[in-house]
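Subject: Structure for you, with notes

Hello,

Here is the structure we talked about. Please open it and keep it beside you while you read the notes below.

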Amino acid sequence: MRVDRELNTAELQSFASELDELRRHTLADLGAADARYIRRVRGAVRLCCWSGRALLMCGWFPPTWLLGSLLLGLGKILENMELGHNVMHGQYDWMNDPELAGTRYEWDIAGPADFWRHTHNHLHHTWTNVIGMDDDVGYGLVRLFPEQRWKPFYRWQPLWVTLQALLFQYAVAIQHLRLDQWYKGRIGAAEVRPLLRQLGAKLLRQWGKDYLLFPLLALLLGANALAVLAGNALANLLRNLWTFLVIFCGHFTERAAVFAKESVAGESRGHWYLRQLRGSSNLEGGRLFHILTGNLSHQIEHHLFPDLPARRYAELAPRVREIAARYGQVYNSGRLSAQFASVLRRIWTHRLPAPAATP
């Protein structure tokens, strides 16, 4: 349970000023090392994916098939987390590299990048953990906080969460369609239809590449097409599960807070920073672990500074923790196992309505 000190107007202004200065200092320091890093990540993605696909051409031979599937999965995770997600935040726009332009990048995942830029970059990062404004709170399938209105549908949410984890890239892809709003008659089919076409075109490209092009190439080369298809499916599954794990542990632990719509009316910069801090959870680990999470293991720093290169979050974290402590705020950080256990407890506990208060 969180116990944060409430800040007065002067403290909020000072809190915001310190974090603004931290951001300005980091922006002024960006340069060749940051550019070299993201280009190396891009190179690592290509190396993992192509070496993994080459090994899958060896067929079902266990060592090469398993290694090929793992390498391809690793490449997809790196592309999704450390490359695509961070590039689309505009973290590397200052490089003026067309391949790393935030508004143009298209990632290797089912959902179109334009969908993500709206639902995630705009809605989620503006209204982080605000119920009714941030669709990422439960993704419409899961009740994770007592403040969310209970529905009978939630009784079975351990099942819905399992399916969501296995198919996470598709859950993210359809989020932008707002099908619940269409079902309730709040938006018309004319609004949904072009989005469905855009999603369909992206799905055809993704499925065509992983489940048609490379299996056909295997046939042409005399390799086992089924082994290639299965390896691609396993790589996508690994990426789905890892992405789900990192995102849920960054937002829905027991010490993460949610907010009512009324609380953000007339919100100041200081209040916005405070909400990002209180609604986020960090994960502790080594350098490789942080890279594999796209540095979303530093979810607090990412929510505070989404446009700063994520590789900088590790050096910013001690300073943010120190600022939070001085202002009496909880800095929510823990091991992956502990944070995920708290997420599972939320999923289990809030599947049922809160017990009625005894008179």
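How many salt bridges does the count come to by the rule used here? The count comes to 26 salt bridges. The rule asks for a side-chain nitrogen of Lys or Arg within 4 Å of a carboxyl oxygen of Asp or Glu. Side chains of opposite charge can pair when their charged atoms come close.

Before the details, some ground rules. This is a predicted model, where local features need pLDDT of at least 70 and side-chain atom pairs count only at pLDDT 80 or more, while totals for chains, interfaces and linings use all residues. Residues are numbered from 1 along each chain as its sequence is written, and side-chain values use heavy atoms, with hydrogens and water left out.

Salt bridges

Start with Arg 39 and Asp 97. They form a salt bridge, with the closest N and O atoms 3.7 Å apart. The pair links distant parts of the chain, 58 residues apart: Arg 39 is in helix α2 (residues 32-56), and Asp 97 is in the loop between α3 (62-88) and α4. Helices here are DSSP runs (H or I, at least four residues), strands are runs of E (at least two), and both are numbered from the N terminus. Arg 39 is partly exposed, with a relative accessible area of 39%. Asp 97 is buried, at 12%. Buried means under 20% relative accessible area, exposed means over 50%, and partly exposed lies in between (1.4 Å probe, protein chains only).

Next come Arg 42 and Glu 99. Their closest N and O atoms are 3.1 Å apart, and they form a salt bridge. Arg 42 lies in helix α2 and Glu 99 in the loop between α3 and α4, so the pair ties together parts that are 57 residues apart in sequence. Arg 42 counts as buried, at 14% relative accessibility. Glu 99 is partly exposed, at 44%.

Then look at Arg 53 and Asp 210. Their side chains meet in a salt bridge (3.0 Å, N to O). Arg 53 is in helix α2 and Asp 210 is in helix α8 (residues 189-220), 157 residues apart. Are these two buried or exposed? Arg 53 counts as buried at 8% relative accessibility, and Asp 210 is buried at 2%.

There is also a network of salt bridges. It links Asp 29, Asp 34, Arg 311, Arg 312 and Glu 315.

Positive phi values

Which residues other than glycine have a positive phi? Asn 129 has a phi near 60 degrees. Asn 295 has a phi near 65 degrees. Asn 129 is in the loop between α4 and α5, and is buried at 0% relative accessible area. Asn 295 sits in the loop between α11 (287-292) and α12 (299-304). Asn 295 is buried too, at 4%.

An annotated stretch

The UniProt entry, which is unreviewed, annotates residues 211-235 as "transmembrane region". Such annotations may be inferred rather than shown by experiment. In the model, the chain over residues 211-235 is 84% helix and 0% strand. The end C-alpha atoms of residues 211-235 are 12 Å apart.

Finish with Arg 149. Arg 149 is in the loop between α4 (113-126) and α5 (157-166). Arg 149 counts as exposed, at 62% relative accessibility.

Best wishes
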